[in-house]
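Please examine the sequence and structure shown below.

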Amino acid sequence: MNLVESFRIAMRALAANKARSLLTMLGVIIGVAAVILLVGIGTGVSDQVTGSLEGLGSNLLFVMPGQYEAGTGGANAPGRRFTLDDLETIQRKVDGVAGAAPVLTAGATVKAGNRSMRVMVAGGGEQGADVFANELAGGRHYRRGEVQAASHVIALGSRVTETLFPNQDPVGKQVTLNGQRFTVIGHYASMGGGLGGDQDSQVYIPVTTAQKLFNINYIDAIVVKAADPDDIDVVRGDIIRALKPSFGEEFTVLSQEQTLGILSDLLGMLTYMLAGIAGISLLVGGIGIMNIMLVSVSERTREIGIRKAVGARTYDILSQFVIEAVALSMLGGVLGIAVGWGGASAIERFSPVPTNVTIGAVSMSFFFAFAVGVFFGVYPAWKASRLDPIEALRYE
Amino acid sequence: MNRPDNDGRVVLETRGVTKTYRLEDVEVNALQGVDVSIRQGEMVSIMGPSGSGKSTLMHIVGLLDRPTSGQVILEGDDVSSLLPNELSALRNRYIGFVFQAFNLLSRTSALANVELPLVYAGVGAAERTRRARESLERVGLGDRLGHYPSQLSGGQQQRVAIARALVNSPSIVLADEPTGNLDSRSGIEVMTVLQDLHAQGITVVLVTHDDRVASHAERIISVFDGRVREDAPVAQRVMAAAELAELDGGEVRRP
């Protein structure tokens, strides 16, 4: 007997118990849908984070005080902080640098007329906009002279512009930042969420101005842009040599790739964890299949006896019942993929959580559904195939 | 050997067959040295009360079971020590079963039920349908192909079972109490079909406890306490067609 014949027999048997087949499949449907959905969310979030980081360019180096260790941010480590002198050291001693920017961030409230907003203030250098490739929607970046003079000039992130100056050009307007007056010189196009939080909700002022405003003399980090991405390791080595005399080992230089690697590891782990949790429900679905197949085998003992009496071999009975279990799980798999995919699309559309259902995740969960059918179908089928025809025919 | 005109070759033969079951700690000697032979074209009854070993003998003759010792010779080959899968293939090829409880697959049409042995013989779909239809026509159910067992009377169901037994052109049709679950009229109709098939040259083995049913055959092998007590031709063979005529009071004769 060939497989097509076994398949037809299996489909007929499943159709004969529609409600039961559907309920059995439900376990697999939920399991597969959960895998698709959760892995989709994990992949979506991971894509967004790495995407925004990659958007910064592959030739960036992040220089932070303290030694980087997984789980703790190097920038928050205790010890000596960077100052603008260290930035100067890098600019003076390291070759192949297209730009270097100080990074200093702190929270503040920005006001314009009766409108106000809580923002992150990013203090930077005149090369900052170039290093981070921020795109202007209007106006200009602050200039070298304004950084040296600690001028009260400010550039706004897109959401800040929308909030403070809806439907207006903010350039030339006045705002206050923690009570001090600033002149708006530019505003940026939307950049989306990023690593340091929402870049669109930031305001950008010269780092010197920021130090005065917050009454501090350090900077959080230095971002260096290599002129040529291929030289990134050379530049990295030069930076380390340049800072070693004053910092010893107490600083970290991370390339974009390393940062990305660390993040990908973390996000990948999260995705696997979600897949694992969803996989458990798939396993439960498989146990449901096994349970119902065992019931089915004992209900159909006499049928098995008849089939054996007229010439069915062990293999024929085995394949008939395995195919039945596999058909259940694969049908459940297909429906589960549809439900999971639909759910992911709905989440993408109606919530801020990004999702990404990949072909890999779909084929993996379908394969798992198939494997669950085989794994949990074999034992009941084996039991069926081993039945003695005489006993089976006597069974009531 | 029992009738001068029955000189066909031996289809199936048992030589010194014994069967011992072990039920927990008790050994049951169901068969204790049985020699029977069935010739091509014969109609034989295996008769005995329950517990006589008749069912065990039927299982061995039907290749559903293997003897503990002794030989079973089918078409000249010793099949007594074959594996279950090999026996399945032989049953498919050489034996057609008719059971007391009909044993049709429910939710499966008469035609599909009759096709079943051909499915396991690997016959293609079109050829299967053709032969199954032919077989159902042979037992007078050519107009019931698409009916399900639940839509057929007991007698009709048993005739579907006979059609299924015939469809592979087996060497032996083995009927185990074929009238046991039927009213007397349906039972006689089923016996008519079996006697007709025998008249057409098909070998029929009837297994029964009922003296009268057994007498529809040409020869009766009486089994008692696991041994053949008597193996003799039937003196006064009962003809089912005549019984049917008698039942109808000489009115309309049914086919």
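Predicted model: local features only at pLDDT ≥ 70, side-chain atom pairs only at ≥ 80, totals over all residues.

Residues are numbered from 1 along each chain as its sequence is written, chains are lettered from A and ligands numbered from 1 in the order in which they are written, and side-chain values use heavy atoms, with hydrogens and water left out.

**Chain A overall**

Chain A has 13 helices and twelve strands; helices (H or I, at least four residues) and strands (E, at least two) are DSSP runs numbered from the N terminus. Its radius of gyration is 32 Å, well over the 21 Å that the globule rule gives for 396 residues, so chain A is more spread out than a compact globule. That radius is taken over C-alpha atoms, and the rule is 2.2 Å times the number of residues to the power 0.38. The C-alpha trace of chain A spans about 100 × 50 × 35 Å along its principal axes. Of the 396 residues, 46% count as buried, where buried means under 20% relative accessible area, exposed over 50%, and partly exposed in between (1.4 Å probe, protein chains only).

**Aromatic pairs**

Over all chains there are seven aromatic pairs. Rings of Phe, Tyr and Trp (its six-membered ring) pair if their centres lie within 6.5 Å; planes under 30 degrees apart count as stacked, over 60 as edge-to-face and the rest as tilted. Two of the pairs are tabulated here.

| Pair | Centre to centre | Angle between planes | Class |
|---|---|---|---|
| A:Phe82 and A:Phe247 | 4.9 Å | 70 degrees | edge-to-face |
| A:Phe367 and A:Phe368 | 6.0 Å | 70 degrees | edge-to-face |

A:Phe82 lies in the loop between strand E1 (60-65) and helix H3 (84-93) of chain A, and A:Phe247 in helix H8 (residues 232-247) of chain A, so this pair ties together parts that are 165 residues apart in sequence. A:Phe368, at 41% relative accessibility, counts as partly exposed.

**Helix H3 of chain B**

Ten of the twelve residues of helix H3 (residues 110-121) of chain B are buried, among them B:Leu111, B:Glu115 and B:Tyr120. The cover of these buried residues includes helix H1 (3-16) and helix H11 (314-350) of chain A, together with helix H4 (125-138) of chain B. B:Gly122, whose phi is positive, near 80 degrees, follows H3(B).

Conventions
Contact = heavy atoms within 4.5 Å.
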